[in-house]
Amino acid sequence: MQDKYKLIKVTKRSKYIEVLWNDKHISKFHFLWLRDNCPTAFHKDTRMRKFNILSIGSKIKPLSICHTSTTLKIIWSEGNHNSIFKLKWLRDFCYTEKKQPSYIPNYKLWNSKIMKKIKIAKHDYKEVMTNEKELKKWLQTMYSHGIAIIQNAPTKDKSAFKILDKIGKYRETFFGTPFEVINIPKPNNQAYTADALANHSDLPYYEYVPGYQFLHCLVNDAIGGSSTAVDGFAVANFLKKNHKKKYNLLTENEVIFKDNDFTQKNVRVQKSPIIKVNKNRDVEEIRINLGAMGTLDLSPKIMDDFYDAYTFFYKKLHSKRFQISFKLKAGDIFCFDNRRVLHGRTQFNPNSGNRHLQGYYIEREEITSKLNFLNNIKF
Ligand SMILES: [Fe+2]
């Protein structure tokens, strides 16, 4: 047991106890918090909280407190109840920890040098399917870089379901699962043509945009049809550092995304900033999609400046500095964070060969929760 888990002294105050630890850190644990988190508060099988905080009074307090080298025991003033906490658990969940971790983003930014230096991480299908270590590596790459390629996957129709099953449940949308990225005679989306596609995020007209996208290449022997990708977070961070006014315009104003293609009996409309930030004022999501962009309805006072910021950002998303390009082979699965890594393709000649990808969506939390499980992280 590490030194920091060694308890030196417990002092009872009016609303909380103070615990002095061996490394001199002092934790404050409030009575209500302690009673609420008594180990008996959770069902042993479901691991769900079964204790209801309304079943005790707000004045509950310890009648006695004692400890061993590994546990702390409290006898409560109400309900004829006592709680035994593991010291390690108390310290790990201490909310007065002085070294409160400041916000650290989970992502690692990249630009086009990724192709030369570290390269996009490539993972072998069989290894990922059969070796937990390799599965973890692949998930970790997607989590940190938002992009990874699985190689040597089977090329049978719908066969990528198996690798999604290794993670969790896929996300269904009105395009169906998988959706077929192939040129068709009367397309209901630009993806289903042979045209070039500018870098974009899929489905920006959803309130909750799918997290990750997997594009499984079944065949790609047509001339053209290279894939492009760009780390939208890296470009957003570039703006934040060097062009703050443009960055602010894109984070503070909402644009309209819409879908009402001819196959739909729905009219999907969603307002959102192009760059969404989280409570730490850090980038959380990029929504950009030429085809789905609605008509801007911003104030006349900012319309010009907004177009300046929007076009600048859009140019950077396609610049040599940030964009990468590569050609998918049959058996590749191009995996990326749809709310971070924008994807596109060059035009292809449908008369020169076939190009057929099958697409799947899966949420970010399926990736992170599987990583928690594989890393034995408990809550
Ligand atoms: Fe797309």
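**Sheets, cores and loops**

Modeller: Three strands make up an open sheet in the order 1-2-3, with antiparallel pairing, where strands are DSSP runs of E of at least two residues, helices are runs of H or I of at least four, both numbered from the N terminus, and two strands pair if DSSP finds at least two bridges between them. Strand 1 (7-12) and strand 3 stand at the edges with a single partner strand each, so one side of each is left without a neighbour in the sheet. Neighbouring strands of this sheet are turned by 20 degrees against each other on average, direction ignored; the axes behind such angles are lines fitted to C-alpha atoms, for helices over the stretch in contact, and angles run from 0 to 180 degrees between N-to-C directions. Please keep in mind that this is a predicted model, in which local features need pLDDT of at least 70 and side-chain atom pairs count only at pLDDT 80 or more, while totals for chains, interfaces and linings use all residues. Residues are numbered from 1 along each chain as its sequence is written.

Biologist: How many bridges join strand 1 to strand 2?

Modeller: Five bridges join them, and the two strands run antiparallel; within that part of the sheet, V10 stands opposite V19 in strand 2.

Biologist: What is the order of the strands in the four-stranded sheet?

Modeller: That open sheet has the order 11-21-14-19, again with antiparallel pairing. Its edge strands are strand 11 (197-200) and strand 19, each of which pairs on one side only.

Biologist: And strand 14, which strands does it pair with?

Modeller: Strand 14 pairs with strand 19 (residues 323-326) over four bridges in the antiparallel sense, and with strand 21 (residues 341-345) over five bridges, also antiparallel.

Biologist: Why is strand 14 described as largely enclosed?

Modeller: Four of the five residues of strand 14 (residues 227-231) are buried, so the strand is largely enclosed by the rest of the structure. Buried here means that 20 or more other C-beta atoms lie within 10 Å of the residue's own, exposed means 12 or fewer, and partly exposed is in between, with C-beta atoms placed from the backbone.

Biologist: Switching to the core, which residues touch the most other members?

Modeller: In the largest nonpolar core, which has 66 residues, those are F214, I333 and C335; a nonpolar core is a set of buried Ala, Val, Leu, Ile, Met, Phe, Trp, Tyr and Cys residues joined through C-beta atoms within 7 Å. Apart from it lies another core, of nine residues, among them V19, L34, I74 and L90.

Biologist: How is the protein divided into domains?

Modeller: It is divided into domain 1 (3-92) and domain 2 (112-374), with bounds that come from an automatic or database domain assignment. Their centres, taken over C-alpha atoms, are 46 Å apart.

Biologist: Now N289, is it buried or exposed?

Modeller: N289 counts as buried because it has 21 C-beta neighbours inside 10 Å. It lies in the loop between strand 18 (283-286) and helix 8 (300-316), and, not counting residues up to four places away in sequence, N289 touches H200, S201, P204 and F257.

Biologist: Which non-glycine residues have a positive phi?

Modeller: K24 is one of them, with a phi of about 75 degrees, and R281 is another, with about 60 degrees. K24 lies in the loop between strand 2 (16-21) and strand 3 (26-30) and is exposed, with 9 other C-beta atoms within 10 Å. R281 is found in the loop between strand 17 (275-277) and strand 18, and it also counts as exposed, with 10 C-beta neighbours inside 10 Å.

Biologist: Last one, where is the cis peptide bond?

Modeller: A cis peptide bond joins T177 and P178, with omega about -5 degrees, and P178 is in the loop between strand 9 (170-171) and strand 10 (179-181).

How values were computed:
Contact = placed C-beta atoms within 7 Å.
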